[in-house]
Amino acid sequence: MARALALAARGLETTAPNPRVGCVLVRDGEIVGEGWHRRAGEAHAEIHALEQAGEHARGATAYVTLEPCSHFGRTPPCADALIGAGVARVVAAMEDPNPLVAGRGMARLRAAGIVTAHGLMENEAHELNIGFVSRMTRGRPWLRLKAAATLDGKTALNNGVSQWITGPDARRDGHRWRARACAVLTGIGTVRADDPRLSVRDVPCERQPLRVLIDARLDVSTKARIVNGEPILIATACEDRARSAPLLERGHQVVILPDAAGKVALPALMRELGRRGVNEVHAEAGFRLNGSLLREGCVDELLLYLAPMLAGDAARGLFNLPELHTLEAATRLELRDLRMIGADLRLIARLRPA
């Protein structure tokens, strides 16, 4: 199963909106076939493994990181392919959270006389597809908020200067996290201040994530780098045809999602991204949008890079959050990973359920 998970990770950047899946076929203690899902619309992991195994698949055990599908999508059901190949046993790391499957794949295999089991390395399989699980169970993607800060939690000086707080190794690592995401999200404040492209550059990447801009009043300049390139998705709160027309003419998409305060309804945007098949969102924004994403329950995970420097009280912080009067009201985190990336410290933490 560890080998199957390693194979599945080869599709880290390319399988969306599908899950990352790997499969290993074993017969008489020897691997006879293996494969992974490479991109949506192409053959699933089980099919690649069966093609490699050929007749050796008969009587074999299939180790697959996700329950074999039982429905017709762009490709036929993998459960039927395993049955037709004469596989004797199927071990799945986890059941498929997709309501179209959700146990039906394993049930179909058992009905055909195949021995089944699931739960082997389930946590690892869940982590690999945490965005897919989120979209299937919550109707919204997994949002990972990335920020670079000084050791005293400052993301920029009071005059806006922020480049570069962290070193090249940390910046390159941040691009790896961008590459695995389905969408990279920022706000109009960051576009004004930094004029980012928001693309993956410092690491190999087979496909660029969708870029999402939150711009409540459609203030983005047509000269901004983010709108001069591949189409992006712009979430706004106003219906202004004069401002949206030049963006639409360039192929960009505009969705109107106002909240009661006249800003973009962030939870509604998360649901819209889920509807579009986005599994993981990588957010890189300023402290105001960071705070709004936290306050409105959109953030699942923090990816923080802390540089060994101090910027002082006057510098800008990580999150624009309201003042607290008791520590009981503080946002609680669960630390998941802590390591050095070059000269900087990388911290991964998840929000604890309220």
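Glu46 lies in helix H2, which spans residues 45-53. In this predicted model, Glu46 counts as buried, since its relative accessibility is 3%. UniProt, in an unreviewed entry, annotates Glu46 as "active site". The chain as a whole is divided into domain 1, residues 1-130, and domain 2, residues 141-351.

**Surroundings of Glu46**

- Leaving out residues up to four places away in sequence, Glu46 touches Cys23, Val64, Leu66, Pro68, Cys78 and Leu82.
- The relative accessibility of 3% at Glu46 falls under the 20% limit for buried residues, and Glu46 is therefore classed as buried.

- Strand S1 covers residues 22-27 and strand S2 covers residues 30-36.
- The two strands, S1 and S2, pair in the antiparallel sense, with six bridges between them.
- Within this pairing, Val24 stands opposite Glu34 in S2.
- S1 and S2 form a hairpin in which two residues lie between the strands.
- In the turn of this hairpin, Asp28 has a positive phi of about 55°.

**Annotated binding-site positions**

- The unreviewed UniProt entry places the feature "binding site" at Ser162, Arg178, Leu198, Arg201 and Glu284.
- Of these annotated positions, Arg201 is placed in the loop between helix H8 (188-194) and strand S9 (210-214).
- Arg201 has a relative accessibility of 38% and so counts as partly exposed.
- Apart from neighbours within four places in sequence, Arg201 is in contact with His175 and Arg178.
- Glu284, another position named in the annotation, is found in the loop between strand S12 (280-283) and helix H11 (287-295).
- Glu284 has a relative accessible area of 14% and is therefore buried.
- Not counting residues up to four places away in sequence, Glu284 touches Lys146, Arg178, Leu185, Thr186 and Thr190.
- The side chains of Glu284 and Arg178 are joined by a polar contact of 2.9 Å.

- His175 is part of helix H7, which runs over residues 168-180.
- With a relative accessibility of 7%, His175 counts as buried.
- The side chain of His175 reaches the backbone nitrogen of Arg201 at a distance of 3.1 Å.

**How the two domains meet**

- The centres of domain 1 and domain 2, taken over C-alpha atoms, are separated by 35 Å.
- Eleven residues of domain 1 are in contact with 14 residues of domain 2.
- The size of an interface is often expressed as the accessible area lost when the parts come together.
- Between domain 1 and domain 2, the buried area is about 1,000 Å², and carbon and sulfur atoms give 45% of this area.
- In domain 1, Glu13, Glu127 and Ile130 lose the most area to domain 2, and together they account for 54% of what that side buries.

Conventions:
Residues numbered from 1 in each chain as written. Predicted model: local features only at pLDDT ≥ 70, side-chain atom pairs only at ≥ 80, totals over all residues. Heavy atoms only, no water. Pairing = 2+ DSSP bridges. Helix = DSSP H or I, 4+ residues; strand = E, 2+ residues; numbered from the N terminus. UniProt positions renumbered as here; feature names shortened; annotations may be inferred. Buried < 20%, exposed > 50% of the residue type's maximum accessible area, 1.4 Å probe, protein only. Contact = heavy atoms within 4.5 Å. Polar contact = N/O pair within 3.5 Å; in protein donor to acceptor, adjacent residues only side chain to side chain. Domains from an automatic or database assignment. Buried area = accessible area lost by both parts, 1.4 Å probe.
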